[in-house]
Amino acid sequence: YRIPNMCFVVTKMPDGSYHAQTDEDTIPDLATLKALFAMAEASSDQTGIFYQQKVRFYKLQHKDSNGIIFMDISKDINALMNLGLNCLLIWLIVLVVFFPISWLLARAITHPVELAMAQQQQFVADASHELKTPLTVILTYSELLKNPSYSPQDRQRFMDSIHTTAVQMRQLVASLLD
């Protein structure tokens with residue numbers, strides 16, 4: 001049973017009959033009125049909603065009769081459904097439009113950082129290579145100096161090479177800092 005766009009009061013008289021009042025021209029049939037009244041009367045709440053019938057009720061207590069106000073809420077339910085669909089549609093539009101835009105902006109922002117990290121890694125690799133070569137020369141000549149079988153002239157040449165290489169390393173480290 002469906003209540004078409006109206007608000008009405010159903011009163012159960014002491015003799016068991018039902019009386020309906022409304023500002024509208026149409027009143028639901030007697031079977032619908034009795035069913036709605038019985039459902040509302042069976043409820044322990046003062047107010048409530050019958051979602052299947054799209055009706056809200058409010059119980060009135062009089063000294064000699066019981067009345068219940070019924071109100072059609074189909075327009076309210078339809079408005080909420082439309083609101084929910086509109087929110088879902090807006091969410092989908094935001095997801096489809098703004099997510100790719102934010103992803104592109106994030107990539108544009110992080111690109112310079114990625115480039116700087118790659119350049120830093122290349123710099124560290126180059127600096128490591130440049131420092132390993134003179135260190136190898138220094139270590140080799142210092143090992144040769146430990147050997148007593150070399151002549152004093154060879155030892156002097158080794159020490160000069162170590163000194164020259166150490167000066168080159170100092171210049172290399174200074175240029176790294178620059």
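View 1. Helices are DSSP H or I runs of at least four residues and strands are E runs of at least two, numbered from the N terminus. Going along the sequence, the order is β-β-α-β-β-β-α-α. The radius of gyration, taken over C-alpha atoms, comes out at 46 Å, well over the 16 Å that the globule rule gives for 178 residues, so the chain is more spread out than a compact globule. That rule is 2.2 Å times the number of residues to the power 0.38. Along its principal axes, the C-alpha trace spans about 135 × 30 × 25 Å.

This is a predicted model: local features need pLDDT of at least 70, side-chain atom pairs count only at pLDDT 80 or more, and totals for chains, interfaces and linings use all residues. Residues are numbered from 1 along each chain as its sequence is written, and side-chain values use heavy atoms, with hydrogens and water left out.

**View 2. The largest nonpolar core has 13 residues.** Such a core is a set of buried Ala, Val, Leu, Ile, Met, Phe, Trp, Tyr and Cys residues joined through side-chain atoms within 4.5 Å; buried means under 20% relative accessible area with a 1.4 Å probe, protein chains only. Phe8, Val10 and Ile68 are among the residues with the most contacts inside it. β1 (7-12), α1 (30-42), β4 (55-61) and β5 (66-72) each supply at least two core residues, and α1 gives the most, with four.

**View 3. Here's Phe50 and its neighbours.** Leaving out residues up to four places away in sequence, Phe50 touches Leu36, Met39, Ala40, Val55, Phe57 and Phe70, where contact means heavy atoms within 4.5 Å.

Terms used. Buried means under 20% relative accessible area, exposed over 50%, partly exposed in between (1.4 Å probe, protein chains only).
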